[in-house]
Amino acid sequence: MPGIDFALVRRQVSLTQVLELVGFTATTRRGPQLRGPCPVHGSAPRSRSFAAHLQKHCWHCFGCGAGGNALDLYLAVTKLPVYDGALELCARLGVDAPRRHHSAGDSPARIAPPTCRRAARTTAGPRSPP
Ligand SMILES: [Zn+2]
């Protein structure tokens, strides 16, 4: 099995592209932060449980607790294993899947998960205490 540079996939694929791909429609937008129904657990159309931050390139759902970056979002929605999901995502976006020549040490492990949960909380207006 050829290795894929997952870190490079994460860098090459933008969150905006994946949001489009999974059919996310924002119900509210404040600067780089989008809120809307969660494409992972399929919340109600007007729901705002899902938060995505386009500048931090991360997302988090307050409903199902899922979160991560662009690739994580695609994997969560498609339920594909990381290897298949990364290949399919690259294919659908028309980018070459970055190959790793050294397959040893190839790891699909989460790499530095972004702190979108906190970012979303601190900038979420309506639910802040007075
Ligand atoms: Zn969710």
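The secondary structure of the protein, as seen in this predicted model, comes to 5 helices and 7 strands. Read along the sequence, these elements follow the pattern β-α-α-β-β-β-β-β-α-α-β-α. Of the 130 residues of the protein, 32% count as buried, and among the contacts with a separation of 6 or more, 53% are accounted for by residues 24 or more positions apart.

On its pairing with β6, strand β5 forms 2 bridges in the antiparallel sense, and Trp59 has Gly68 of β6 as its bridge partner. Here, too, the two strands form a hairpin, with 5 residues between β5 and β6, and Gly65 in the turn has a positive phi of about 80°. The side chains of β5 are divided between two directions, Cys58 and His60 pointing one way from the strand and Trp59 and Cys61 the other way, and all of these residues are buried.

The largest nonpolar core has 27 residues, and those with the most contacts inside it are Val18, Ala52, Trp59, Ala70, Leu71, Leu73 and Tyr74. Two or more residues are given to this core by each of α1 (6-12), α2 (15-21), β4 (50-53), β5 (58-61), α3 (70-78) and α4 (82-93), and the largest share, 7 residues, comes from α3. Val18, one of the residues with the most contacts inside the core, is in contact with Val13, Ala70, Leu73 and Tyr74 when its neighbours within four places in sequence are left aside.

Helix α3 is largely enclosed by the rest of the structure, because 8 of its 9 residues are buried. The buried residues of α3 are Ala70, Leu71, Asp72, Leu73, Tyr74, Leu75, Ala76 and Val77, and they pack against α1, α2, β5, β6 and α4. The helix is followed by Lys79, whose phi is positive, near 65°.

The contact is made by Leu71, Tyr74, Leu75 and Thr78 on the side of α3, and by Val82, Gly85, Ala86 and Leu89 on the side of α4. By class, this contact of α3 with α4 has 6 nonpolar, 2 polar and no charged residues. An α-helix has 3.6 residues a turn, so residues three or four places apart point the same way.

Two further residues were examined individually. Ile4 lies in strand β1 (residues 3-4) and is buried, because 20 other C-beta atoms lie within 10 Å of its own, and a residue is counted as buried at 20 or more. Beyond residues up to four places away in sequence, Ile4 touches Val9, Tyr83, Ala86, Leu87, Ala97, Pro98, Arg99 and Arg100; Ala86 also takes part in the contact between α3 and α4. Although Ile4 and Pro98 are 94 residues apart in sequence, their C-alpha atoms are 5.8 Å apart in space. Thr16, by contrast, is placed in helix α2 and is partly exposed, with 14 other C-beta atoms within 10 Å. The C-alpha atoms of Thr16 and His53 are separated by 9.4 Å, the two residues being 37 residues apart along the chain.

Terms used: Residues are numbered from 1 along each chain as its sequence is written. This is a predicted model: local features need pLDDT of at least 70, side-chain atom pairs count only at pLDDT 80 or more; totals for chains, interfaces and linings use all residues. Helices (H or I, at least four residues) and strands (E, at least two) are DSSP runs, numbered from the N terminus. A residue is buried if 20 or more other C-beta atoms lie within 10 Å of its own, exposed if 12 or fewer, and partly exposed in between; C-beta atoms are placed from the backbone. Two residues are in contact if their C-beta atoms, placed from the backbone, lie within 7 Å. A nonpolar core is a set of buried Ala, Val, Leu, Ile, Met, Phe, Trp, Tyr and Cys residues joined through C-beta atoms within 7 Å. Two strands pair if DSSP finds at least two bridges between them. Ala, Val, Leu, Ile, Met, Phe, Trp, Tyr, Cys and Pro count as nonpolar, Asp, Glu, Lys and Arg as charged, and the others, Gly among them, as polar.
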